[in-house]
Amino acid sequence: MDEVDWLEERARIGRRSLVPPDQDEHARIGHHNMGPEQAAAFEEFLGRQPPIGDGIAWIADGWKNQEPFTVIEFIKGVAAEDVVLAYGADAQDVRDGLTLEHVWACDKREGTDGVYEVLAFGEEGGWTWLGHHNTDYVFSRVLDPPPAQEITLMAIMARTIYSFSYYKDGEYQNRSPVEDGTEKQHEMYELIWYTPGEEPFEPDAPLAFLNTYIRGAEEGTEWVDGIALFFAGLERAFGLSLPQDAIMSGRVRCARPARR
């Protein structure tokens, strides 16, 4: 295998099996046999790679308007059906294979808004993805034990809040900026803080490695909107993907809250 093939293979494995550095873990898959300079160069190489599948940047524009979902979650290490059942989804809907297309048709026929009360789900790139509105918190959004990795993207258009949260083994990873300089942990990173051309995370922050991927998206893609660029960085760093045609056509599975 020549060097180019080796790099491409490392990129495929590295992005699908990403383990971000933390307190005692400074190497990720594909990095453990490299020196610091090689690892940094490889990180830059990964940041320039195209997304897996459809990626997630494509959804950013509609997502800002809470379309098709207000909340998008990615869960690592737990199968999709196990996740939705743990969240309190109706087991019969899961068994029956209910789809967004079915819910849309029912809403149109009966004049209802059932689409705002379902949890859409699937598996892409080694992650379980979830999409929902959950305005009445009808789904628990809690897994016990916590998954290996969990990413949450939330858009609240009326309050101009667009946020990103990342947990590893149940521990919050992305400290957000604070205006008064005090040490305080926030529950999310608001995407309005991100400015293209600037590194969103401080060099010593747990998610500082994302800076390379986000800057790589700025240099190597045609996205210009800040949130789309941030998403393009995430999709390359973590190997995230959402099936565009299936979501937009409604051919993805979903479930309503369990009947009480």
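How many of the six residues of E1 are buried? Six of the six are, so strand E1 is largely enclosed by the rest of the structure, where buried means under 20% relative accessible area, exposed over 50% and partly exposed in between, with a 1.4 Å probe and protein chains only. Keep in mind throughout that this is a predicted model, in which local features need pLDDT of at least 70, side-chain atom pairs count only at pLDDT 80 or more, and totals for chains, interfaces and linings use all residues. Residues are numbered from 1 along each chain as its sequence is written, and side-chain values use heavy atoms, with hydrogens and water left out.

Select E1, residues 71-76; helices (H or I, at least four residues) and strands (E, at least two) are DSSP runs, numbered from the N terminus. In a regular strand the side chains alternate between the two faces of the sheet. Here Val71, Glu73 and Ile75 point one way, while Ile72, Phe74 and Lys76 point the other way.

**Phe74 and the core**

Now centre on Phe74, which is in contact (heavy atoms within 4.5 Å) with residues including Ile56, Trp127, Ile151 and Leu240. Phe74 is also among the residues with the most contacts inside the largest nonpolar core, which has 49 residues; a nonpolar core is a set of buried Ala, Val, Leu, Ile, Met, Phe, Trp, Tyr and Cys residues joined through side-chain atoms within 4.5 Å. Helix H8 (residues 226-238) gives the most to this core, with nine residues. A second, separate core of 13 residues includes Ala80, Val84, Ala89 and Phe139.

**Aromatic pairs**

Colour the aromatic rings next: a search of the whole structure finds 15 aromatic pairs, meaning rings of Phe, Tyr and Trp (its six-membered ring) with centres within 6.5 Å, called stacked with planes under 30 degrees apart, edge-to-face over 60 and tilted for the rest. Tyr194 and Phe230 form an edge-to-face pair, 5.6 Å centre to centre with 65° between the planes. Tyr194 lies in the loop between strand E7 (189-190) and helix H7 (210-220) and Phe230 in helix H8, so the pair ties together parts 36 residues apart in sequence. Ring pairs also link Phe74, Trp127, Tyr166, Phe209, Tyr213 and Phe238 into a cluster.

**Asp93, the last stop**

Finally, select Asp93 in helix H5 (residues 91-96), a residue that is buried, with a relative accessible area of 3%. The side chain of Asp93 makes a polar contact of 2.7 Å with that of Arg256.

Definitions and conventions:
Polar contact = N/O pair within 3.5 Å; in protein donor to acceptor, adjacent residues only side chain to side chain. Lists of a residue's contacts leave out its neighbours within four places in sequence.
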